[in-house]
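User: I'd like to learn how to read a structure like this one, feature by feature. Can we go through it together?

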Amino acid sequence: MRISYNWLKDFIQVDLKPEKIADYLTMSGTEVEKIERSSMFFAKGIAVIVVDKLDDGGVKIFDGKSEIIINTDLPLEKGKLYAFSKDGFIMDEKELGLSSFSRALEIDKIFEPGTHLLALPDFDDVIFEVEITPNRPDCLSHIGIARELSALLGLPFRKPEFEIEEVEEKIEDNFSVEIEDTDGCPRYACRYIRGVKIGDSPLKMRLRLFFAGIRPINNAVDVTNYVMLELGHPLHAFDKYKLNSNKIVIRSSTAGEKIKALDEKEYILPDGVVLITNGDMPVAIGGVIGGENSGISERTREIILESAYFNPRFIRRASRKLQVVTGSSVRFERGADPNMVPFACDRAAYLIALLTGGQVLKGIIDVKAEEFKPRFIRLKKETIQKVLGIKLDMERANRFLVGLGLVRKSGSNKAILYEVPTFRHDLKDEVDLVEEVGRLNGYGRIRPNMRLSGLPPNRSTTDYFFKRKIAQHLASMGFFEVVTNPFGSETDFSPFERVENLVRIINPISLDFAFLRPTLVPSILRVFSQNHRHKKLNCRLFEIASVYRHRGLEYEEPHYLIIGSSGLRMPFSWGWGKALVDIFDIKGVVENLFNFLGIDEVEFIQNDVKPSYFVPDESIVVKHGETRGYCGKITEEIMERFELKTPVYIAELPFVIFRYIPKRIFKEFERIPTSRRDVSFVVDKSTPASNILRAIKGVSEYIVDVVLFDLFEGKQIPQGKRNLTLAIEYQCPRRTLTDDEINSIHQKVIELLRTRFGALVRGIDL
Amino acid sequence: MLSQLDRIETELELAIQNARTADDVNVIRIKYLGKKGEITKLLHTLGKLPPNERPLYGKRINELKEKANILIEKKLGELKTISGSKELDLTLPGRTHYIGGLHPINIVIDRVVEIFTGMGFEIASGPEIETEYYNFDALNTPEDHPARDIQDTFYLEKSSYLLRTHTSPVQIRVMSTQRPPVRIIAPGKCFRRDAIDATHFICFHQVEGLYVDEDVSLADLKGVLTVFARELLSINVKVRFRPHFFPFTEPSVEYDFSCIFCNGRGCRICKNTGWIEISGAGMVQNDVFKNVGYEPEKWRGYAFGMGIERIAMLLFGIDDIRLFYENDLRFLSQFRGV
């Protein structure tokens with residue numbers, strides 16, 4: 001909303017600097033976004049005053065800074081004010097935006113040569129661009145803002161004063177109003193003005209409308225707009241002749257009804273829209289926009305002036321469904337003041353009569369379905385203190401509230417009962433009054449209380465910190481955490497999940513963001529792709545985030561950990577080899593992580609079903625309890641799709657896989673050193689190493705560790721075989737094993753390798 | 001003779017000081033203490049002196065010899081501790097490992113969580129796919145509030161499901177299952193149907209705070225936010241409330257921190273206001289209490305929110321929100337050690 005400082009001064013005597021006003025307003029809840037000087041509105045046109053006419057046909061003008069001589073054929077008069085464009089053409093009022101008529105800027109005054117345009121009354125103004133929160137429709141007006149300032153600064157506030165002159169003839173003998181839809185339109189009033197002469201409004205009014213961002217149209221329509229900006233109450237003027245009827249009937253629309261509106265668009269109405277009709281034809285969409293068929297034109301002689309109150313719910317719905325937002329719809333949908341109806345009607349009728357030379361018929365038709373009674377709220381001193389945390393004198397609080405237009409009914413220095421005017425329907429409870437007092441008193445007066453109360457701290461913060469512990473660990477292992485957006489297109493996600501299983505957004509901003517990810521794999525691969533494109537091939541990344549799925553009639557969003565690695569296994573440096581990562585690197589990271597968390601019972605299963613985006617021969621199932629994750633190499637097809645420049649290895653683990661972390665209880669550890677025996681053997685490649693290791697561990701309780709520390713295959717080893725070398729650690733609780741004991745167990749291990757796995761053991765078979 | 005002794009002593013000290021290797025020191029040893037060394041030679045000339053001068057000179061020469069030995073041994077000892085083996089070039093770079101790091105969004109969330117858990121807040125969470133009830137209805141958002149518009153909120157196929165537009169629904173989830181007092185913060189991802197530009201992205205992160213107890217006021221809210229601002233930024237930061245409107249709080253405020261870049265004097269970052277807008281807060285609306293079954297007469301509470309990207313952008317001087325979601329390593333690697 002644009003507020004003119006000059007206009008405010010009609011209602012409140014204030015002479016502070018605009019910046020000061022803006023500060024007061026902002027700090028009391030009416031945010032001033034911009035302060036504009038009126039001079040800038042005329043930037044495109046330079047206003048000049050003719051100083052003298054010279055004999056040779058030239059004209060001496062003053063542009064506010066200096067006198068210039070120009071040659072022109074235009075009939076410029078001495079002492080008058082004209083607007084020129086920067087390139088020297090005279091600008092008319094239409095070009096300046098001050099009128100809908102093309103005519104020279106006309107001010108009925110002869111000025112002293114040298115007068116600055118902005119020194120003229122009404123031209124020099126300051127415009128505050130204010131943001132009004134949706135709960136304060138009363139502030140969508142100059143009196144609303146003036147009232148705020150009055151309460152804030154303790155200055156007297158006066159409503160517009162006028163005396164309406166009426167002719168003898170009564171309105172009710174000539175016109176009637178009937179409300180059928182009392183739900184949508186609980187109150188409807190009108191006045192009848194005859195003998196109007198439509199033309200331009202006075203410059204002062206046009207300037208004010210212009211500064212407020214409304215195009216001046218004519219003296220009748222301008223008045224309705226002017227009163228709306230002044231009082232916050234929208235009005236509408238009908239051409240009585242074009243109305244073609246002696247009555248207004250307000251009813252609810254039926255679906256499919258059509259009306260051509262003042263914006264020259266034809267609207268096809270849904271049902272339930274409040275329609276203003278002449279008893280037969282719709283003439284306006286109530287509270288939203290007038291009909292073209294009954295609008296004011298230059299030929300209008302008689303006016304029916306409407307002032308009504310519409311139900312906010314109905315207006316909001318109509319505005320949304322018809323996709324039309326007007327100054328009127330905005331105010332009615334946020335809630336106008338039903339008791340402003342007759343006053344606004346009188347005010348506009350008075351102004352129209354004044355500006356058009358028309359005569360107002362006696363009386364006002366005012367039909368209402370109910371009385372709109374004020375609310376009563378009691379404000380206790382105690383509540384102010386409890387909510388705001390400050391002590392405040394009740395009389396000070398009272399001054400603020402009375403300044404806002406509340407009426408003190410009764411009360412003491414402990415509590416006061418207020419009557420709340422109907423324009424403040426946002427004030428419903430005591431706490432609403434506390435807020436009014438708090439904001440006008442200034443939140444700056446609230447001193448921060450930094451003492452904490454005695455609530456027992458932190459009952460369940462472990463989940464968060466557990467996740468962060470894993471994140472920290474992976475960061476320490478050289479992985480960067482990423483945060484990706486969960487949206488993607490059908491093409492992004494279709495390689496990972498069937499399209500019918502994807503969670504779909506019904507109103508995406510574009511098809512690229514139409515689905516939610518079914519897995520974190522495409523999200524992290526996009527990051528790899530982005531970095532590969534910039535020649536960063538050595539990427540080690542992870543993310544902990546949600547994926548989204550259907551679950552029956554609901555949705556679910558399990559958390560996953562995704563880890564990915566590409567490029568060199570170790571940093572590019574003289575100290576390391578140049579090997580690229582492979583499946584054992586990513587598997588090693590997963591093993592390391594479980595190890596770090598103290599989870600020992602993880603299984604890795606090679607021959608099992610894996611998602612199709614993993615290369616089957618280079619990926620493995622990770623199983624802990626009933627929960628399964630995967631790690632392995634991303635397929636060529638996916639690599640191409642994501643434009644990956646080097647193979648990417650991924651571990652994809654549902655976060656629940658980390659549940660059931662065993663409780664740690666200290667056990668006395670064995671102080672006697674372990675004894676080591678190595679065994680080296682050739683065995684079929686097809687025999688899984690994990691089977692051999694597990695079997696050996698099962699041979700004796702004295703075998704405490706088995707480490708595979710060498711593996712080779714090649715020329716010296718027969719086709720289809722490989723050589724494994726193991727270090728086996730033997731230990732017995734509380735005593736040292738004798739050589740004989742160890743040898744006898746080790747012998748069993750060798751027998752196991754030979755018989756169960758068909759191994760050829762070095763030193764015996766080889 | 002005495003001046004000669006002094007000269008030798010000075011030369012010797014200088015030579016030892018300048019020696020860089022054990023070999024240098026050996027050369028010095030031979031020069032002064034060898035068979036034909038300068039000090040040795042002096043001892044040989046002792047016999048040529050008058051007998052009464054011999055004891056004095058003898059004593060001085062022996063002292064010098066002693067000192068030379070000590071200096072040489074000491075230097076050799078020092079050289080042993082500083083010189084590396086000639087076989088190893090220790091200036092080669094070390095065998096380092098990959099460097100990783102946390103994402104700046106999570107660095108900020110971790111910091112916020114750390115500060116508030118330190119003040120006794122407990123961490124709560126809720127789903128990103130929410131229902132209209134938790135995201136809007138229970139928070140007292142009118143049925144036709146523009147935030148519910150299909151223009152502003154992402155809706156899913158199943159009726160009434162949406163992507164949460166703020167972390168406030170966690171308030172409702174916690175209060176619906178827990179009797180007061182409650183004191184929580186809830187970090188999480190949120191979604192809004194914004195056109196993507198330098199300051200808007202379709203998803204972003206918030207941290208929500210809520211404290212409900214018998215005796216909670218706006219002054220307490222200002223208190224925790226002040227402590228938070230001081231911990232996060234600096235001890236001099238002040239908190240300012242500006243009145244505002246939110247459907248789920250009453251009174252509602254927007255809170256600002258005094259600008260850390262200019263100490264409130266006014267600069268480009270605070271647009272010369274001296275204040276930086278952070279987010280919204282207020283006292284929990286009575287209707288919200290009724291919706292979760294708390295008695296409004298008995299309980300009072302405050303709630304606040306904050307946008308993590310906005311704070312991260314301020315803290316690290318990041319000017320484009322999209323950088324957070326691109327995850328370029330050249331971006332991520334700048335936040336090591338933060």
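User: At what angle do helix α8 (residues 312–322) of chain A and helix α9 (residues 327–334) of chain A pack, and how far apart are their axes?
Analyst: Quick background: this is a predicted model, where local features need pLDDT of at least 70, side-chain atom pairs count only at pLDDT 80 or more, and totals for chains, interfaces and linings use all residues. Residues are numbered from 1 along each chain as its sequence is written, with chains lettered from A and ligands numbered from 1 in the order in which they are written. Now the general idea: two packed helices are described by the angle between their axes and the distance between the axes. Here α8(A) and α9(A) pack at about 140 degrees, and their axes are 7 Å apart. (Axes are lines fitted to C-alpha atoms, for helices over the stretch in contact, and angles run from 0 to 180 degrees between N-to-C directions. Helices, H or I of at least four residues, and strands, E of at least two, are DSSP runs numbered from the N terminus.)

User: What word describes how α8(A) and α9(A) lie to each other?
Analyst: Oblique, because of that angle. (Under 35 degrees counts as roughly parallel, over 145 as roughly antiparallel, 65 to 115 as roughly perpendicular and the rest as oblique.)

User: Which residues make the contact between α8(A) and α9(A)?
Analyst: From α8(A) you have P312(A), I315(A), R316(A) and S319(A), and from α9(A) come S329(A), F332(A), E333(A) and R334(A). (Contact means C-beta atoms, placed from the backbone, within 7 Å.) This α8(A)–α9(A) set splits into three nonpolar, two polar and three charged residues. (Ala, Val, Leu, Ile, Met, Phe, Trp, Tyr, Cys and Pro count as nonpolar, Asp, Glu, Lys and Arg as charged, and the others, Gly among them, as polar.)

User: And in chain B, at what angle do the axes of α5(B) and α10(B) cross?
Analyst: Roughly 100 degrees, with the axes of α5(B) and α10(B) (residues 308–316) coming within 9 Å. So α5(B) is roughly perpendicular to α10(B). On the α5(B) side, the contact uses P104(B), I105(B), V108(B) and I109(B), while α10(B) brings I308(B), E309(B), I311(B), A312(B), L315(B) and F316(B). By class, the α5(B)–α10(B) contact has nine nonpolar residues, one charged and no polar ones.

User: On to sheets. In what order do the seven strands of the open sheet in chain A run?
Analyst: Strands of a sheet pair through backbone hydrogen bonds, either parallel or antiparallel. In chain A the order is β25-β29-β32-β36-β35-β34-β33, and the pairing is mixed. β25 (480–481) and β33 (603–605) of chain A sit at the edges, each pairing on one side only. (To pair, two strands need at least two DSSP bridges.) β34(A) (614–624) and β35(A) (627–634) run antiparallel, joined by seven bridges, and F614(A) stands opposite I634(A) in β35(A).

User: Is strand β4(B) buried or exposed?
Analyst: Mostly covered: nine of the ten residues in β4(B) (182–191) are buried. (Buried means 20 or more other C-beta atoms within 10 Å of the residue's own, exposed 12 or fewer, partly exposed in between, with C-beta atoms placed from the backbone.) β4(B) runs parallel to β1(B), with two bridges, and antiparallel to β5(B), with ten bridges. P187(B), for one, has V207(B) in β5(B) as its bridge partner.

User: How many residues does each chain give to the contact between A and B?
Analyst: Chain B gives 65 and chain A gives 77. The chain B side divides into 33 nonpolar, 14 polar and 18 charged residues.

Note on methods. Contact = placed C-beta atoms within 7 Å.
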